[in-house]
Amino acid sequence: MKSITTENNHGVVTLWLNRPEVHNAFHEEMILEIIDCLEELSQDTSCNILLIKGKGKSFCAGADLNWMRSALAYTYEQNLAESLNLSKCFQLLYSFPKPTIAVVQGAAIGGANGLLAACDFALAHDDCVFSLSEVKIGLIPACISPYVIKRVGEFNAKSLMLSGKRINGVRAERLGLVNFSGNAQEVESELTLFLNQLKTSGPQALTECKKLINEVVNNWTFEEAYSNTAKMIAETRKSEEGQEGMAAFLEKRKPKWVEKFESSRT
């Protein structure tokens, strides 16, 4: 992989956008590498949590200028094929089976907001610059729109997408585009706190909880949720992890996955 790199730290895998010389602007190669990486990591049992970060000064400056220059000569079919890859990238991140966290610094321009919005959580430096600037060059934030709109809602999305205005991390938090903003030290402390909270939760329960939310929000009718949610909790109670968690609670001890986490810290 040339455009990204990964590292695994006791089950916390960091996917680094690794083009710092161009502020991690993405192009076709980076998109395909992220797709391959997400597909591989989704099957990797050693990955419990996924972080998305950018090397260098910025999280991601949006689309690479040279890639955009080449796209001027693309046919409709070529544009469609590349756009479908972009949609696949965001969908894989949104549906990733383990918790995902974006840590954003410097700038998040255009499509970069799709990456952070598709994550379960996003933390940002308060001086970070956010902009959905596609309309400024006669385009629209199409592939990222499902995830940005889910995060900020219809009318906040209109404010950001129609104006293309720039906002900082504080404003992004108020709009719901990110979950937390602060200075570099505060963001790192919040990330550490959040990772510790996730690590003391049942790993399989986290995956099933993500599946539950996705089904309720995107797939099931209210009537279907009536029986399907009952089936899911019944299955969870009978699972090995569910049995261990309930037994630990009743016996007033820590479940095995917490003991494993705490032993890894010593």
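In which sense do strand β7 (residues 129–131) and β8 pair, and over how many bridges?

Reply: They pair in the antiparallel sense, over two bridges. Two strands count as paired here if DSSP finds at least two bridges between them, and the elements are DSSP runs numbered from the N terminus: helices (H or I) of at least four residues, strands (E) of at least two. Within that pairing, serine 131 sits across from arginine 166 in β8.

Before going on, a word on the model: it is predicted, so local features need pLDDT of at least 70 and side-chain atom pairs count only at pLDDT 80 or more, while totals for chains, interfaces and linings use all residues. Numbering starts from 1 along each chain as its sequence is written, and side-chain values use heavy atoms, with hydrogens and water left out.

Back to your strands. β7 and β8 belong to an open, mixed sheet of three strands, ordered β5-β7-β8. Its edges are β5 (107–109) and β8 (166–167), each pairing on one side only.

There's also a six-strand sheet, again open and mixed, running β1-β2-β3-β4-β6-β9. Here β1 (4–9) and β9 (180–182) are the edge strands. Neighbouring strands are turned by 20 degrees against each other on average, direction ignored. β1 pairs with β2 (residues 12–17) in the antiparallel sense over six bridges, and isoleucine 4 is opposite leucine 17 in β2. Helix α8 (residues 184–199) packs on this sheet, touching β2, β3 (49–54), β4 (100–104), β6 (121–125) and β9; contact means heavy atoms within 4.5 Å. The direction of α8 makes about 160 degrees with that of β6.

Then come two helices. α9 and α10 pack at about 175 degrees, axes 11 Å apart (axes are lines fitted to C-alpha atoms, for helices over the stretch in contact, and angles run from 0 to 180 degrees between N-to-C directions). That makes them roughly antiparallel, the label for angles over 145 degrees. Glu208, Lys211, Leu212, Val216 and Asn219 in α9 meet Glu224, Thr229 and Met232 in α10.

Ala225, Asn228 and Met232 of α10 are buried, i.e. under 20% relative accessible area (1.4 Å probe, protein chains only), and α9 (203–219) is among what covers the buried residues of α10. α10 also bends by about 25 degrees at asparagine 228, the angle between axes fitted to the seven residues ending there and the seven starting there.

How values were computed
Buried means under 20% relative accessible area, exposed over 50%, partly exposed in between (1.4 Å probe, protein chains only). Angles under 35 degrees count as roughly parallel, over 145 as roughly antiparallel, 65 to 115 as roughly perpendicular and the rest as oblique.
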